[in-house]
Amino acid sequence: MRTHLCGALRSEHIGQTVSVCGWVGRRREHGEHLAFVDLRDHSGIVQCVINHDVDVRSEYVLKITGVVRERPEGTINENIPTGDVEIGECEVEILRVATPPPFPIDERADDVDENIRLQYRYLDLRRSRMQKNLRVRSAVNAAVRNSMHDQGFVEVETPMLVPSTPEGAREFLVPSRKEPGSFYALPQSPQLFKQLLMVGGVDRYYQIARCLRDEDLRADRQYEFMQLDMEMSFVNQDDVLDAVSQSVLAAAEAVTGERPEPIERITWHDAMNRFGIDKPDLRFGMELQELTAIFSSTEFKAFAGAEAIKGIKVDGGAAEYGRNQLDKLTDKAKSAGAKGLVWLKATDEGFDSPVAKFLSDDEVAALKETMSVATGDLVLIVADDWEPTCEVLGMLRNEIGRPPVHQGPYRYVWVVEFPLFVGRDKETGNPKSGHHPFTMPHPDDIDKFESDPMSVRSIAYDLVLNGWELGSGSIRIHEPELQRKVFAGLGISDEEAERKFGFFLNPFEYGAPPHGGFAFGLDRLVAILAGEDNIREVIAYPKTQSGQDPMTNSPIPGDPKALEELGLKVLPQVD
């Protein structure tokens with residue numbers, strides 16, 4: 001039906017007779033028998049000059065045949081790629097009339113309530129922003145697949161109806177009609193099956209997998225999400241990180257045209273020490289500074305005896321932050337777990353602060369030298385145990401300095417050597433697994449299992465981009481004796497392990513190779529590469545933050561006949 005896309009016409013097409021198809025974006029009348037129509041398809045828009053009577057309105061679907069010609073002097077539109085040309089001598093065929101849309105199909109729709117946009121998502125998708133985002137997504141998927149294929153990975157689809165598994169988030173359950181009272185679960189990840197593929201000798205597996213978790217939604221989470229899932233046999237951590245890095249960098253190159261620099265690595269401990277968070281944003285400075293030694297003999301009670309004293313410096317922040325703003329930062333610090341927040345505004349003489357009088361001249365001088373403080377800077381200090389000190393300052397660092405997640409440059413970082421155990425169960429006092437109980441401990445720390453379990457590192461790793469965690473993975477335990485040792489550290493007996501994990505671990509007795517894997521969220525990666533700060537903008541049909549779908553009105557009550565057939569009864573809600 002068409003010879004060219006609307007957005008593809010250029011000066012080299014002048015004189016050619018072309019046919020284009022699309023939707024009417026705007027119609028501008030110029031006299032009784034002259035109209036300018038912007039025709040739009042996914043590639044862009046082109047101006048069509050119609051000099052005969054034809055009734056076309058917004059979002060009508062047209063086929064227009066005419067001659068490409070140069071726009072008259074003074075009418076060139078430098079804001080669009082087709083702005084040098086127009087189509088004249090137009091013959092117009094109306095392919096479909098259209099009801100006026102509930103919102104403009106252009107950038108003005110950005111200001112429309114999101115629920116309205118999602119209710120009419122099929123119209124929202126016509127906009128250039130959404131068209132671009134879906135094509136960025138397609139380019140990322142293609143680049144990821146090509147990279148994995150080139151590295152010798154095999155794409156294998158794993159089941160969508162699976163047994164319930166002991167993972168961290170809630171599952172979506174699916175009732176079985178054949179076995180009333182029994183349920184499948186929708187997969188939170190293909191973890192079980194991809195590791196069994198390694199037992200099965202597949203060696204290198206990958207999948208762009210759909211995963212589902214019944215968890216609270218926010219800007220970077222949906223019930224349904226897509227991830228690049230992979231597993232490799234006979235590998236160490238470096239092999240996995242290198243394979244994933246190639247895939248991620250290829251995806252970025254497919255979108256931006258430039259391949260990012262090799263991805264740097266940082267240990268979890270260094271990430272916490274420098275940035276106060278295990279998903280650090282490396283695009284800006286304001287790193288945490290170690291101040292404990294400066295105040296080792298201090299008489300200031302808030303600092304005396306603290307395990308860790310750290311600070312961040314806000315360049316020029318003394319004038320920017322008034323007392324009300326500083327009080328708000330203090331409240332945020334306390335709500336995040338800090339005992340308090342000390343603020344100091346640097347002056348030529350020293351510091352302007354309610355606590356300045358409690359600091360000695362030597363402490364003031366050492367503080368200024370250590371943090372390279374200049375007049376007009378603002379210093380924020382927290383003193384507490386090491387971890388809460390880091391976490392609170394990390395929160396404040398992001399609160400004050402972090403740019404929007406999609407704003408360049410793209411700064412990837414691998415965070416490695418996470419703790420194997422994090423915290424303790426309130427009831428039993430046993431350590432809790434930091435990743436999952438099948439994560440390989442760091443070989444240098446295995447002798448600490450009994451004497452100092454909380455200091456044991458794991459061979460687990462996260463990939464972070466601009467402060468967003470893209471995904472995580474680990475080298476897996478494939479040796480039964482080591483697995484039992486980890487279970488014992490978690491307070492899991494042999495009987496409990498068999499009951500909970502036997503279906504998964506028993507196949508390992510038949511010869512499991514050393515293996516490891518990773519999974520990263522494609523929605524999050526695409527959102528950043530597309531310049532969005534919400535993954536809903538790069539998903540064709542997302543749910544709202546409350547989990548609703550305004551277009552289909554789902555979820556909806558179950559049909560009584562279907563519920564009866566499944567042996568289900570809906571009970572009244574109990575407050």
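These are questions and answers about a few residues in a predicted model.

Me: Is Thr-389 buried or exposed?
Reply: Thr-389 sits in helix H10, which covers residues 386-401. Its relative accessible area is 0%. Buried means under 20%, so Thr-389 is buried.

Me: Which residue has its backbone nitrogen 3.1 Å from a polar atom of the side chain of Thr-389?
Reply: Leaving out residues up to four places away in sequence, Thr-389 touches Ala-308, Lys-310, Val-382, Ala-383 and Asp-384. One of these also has its backbone nitrogen 3.1 Å from a polar atom of the Thr-389 side chain, and that residue is Asp-384.

Me: Is Glu-469 buried, partly exposed or exposed?
Reply: Glu-469 lies in strand S21, residues 468-475. Its relative accessibility is 27%. Buried requires a value under 20% and exposed one over 50%, so Glu-469 counts as partly exposed.

Me: Which residue that Glu-469 touches is also listed by UniProt under "binding site"?
Reply: An unreviewed UniProt entry lists Glu-469 under "binding site", along with others including Arg-213, Gly-521 and Arg-524. Not counting residues up to four places away in sequence, Glu-469 touches Lys-279, Asp-462, Leu-463, Val-464 and Arg-524.

Methods. Residues numbered from 1 in each chain as written. Predicted model: local features only at pLDDT ≥ 70, side-chain atom pairs only at ≥ 80, totals over all residues. Heavy atoms only, no water. Helix = DSSP H or I, 4+ residues; strand = E, 2+ residues; numbered from the N terminus. Buried < 20%, exposed > 50% of the residue type's maximum accessible area, 1.4 Å probe, protein only. Polar contact = N/O pair within 3.5 Å; in protein donor to acceptor, adjacent residues only side chain to side chain. Contact = heavy atoms within 4.5 Å. UniProt positions renumbered as here; feature names shortened; annotations may be inferred.
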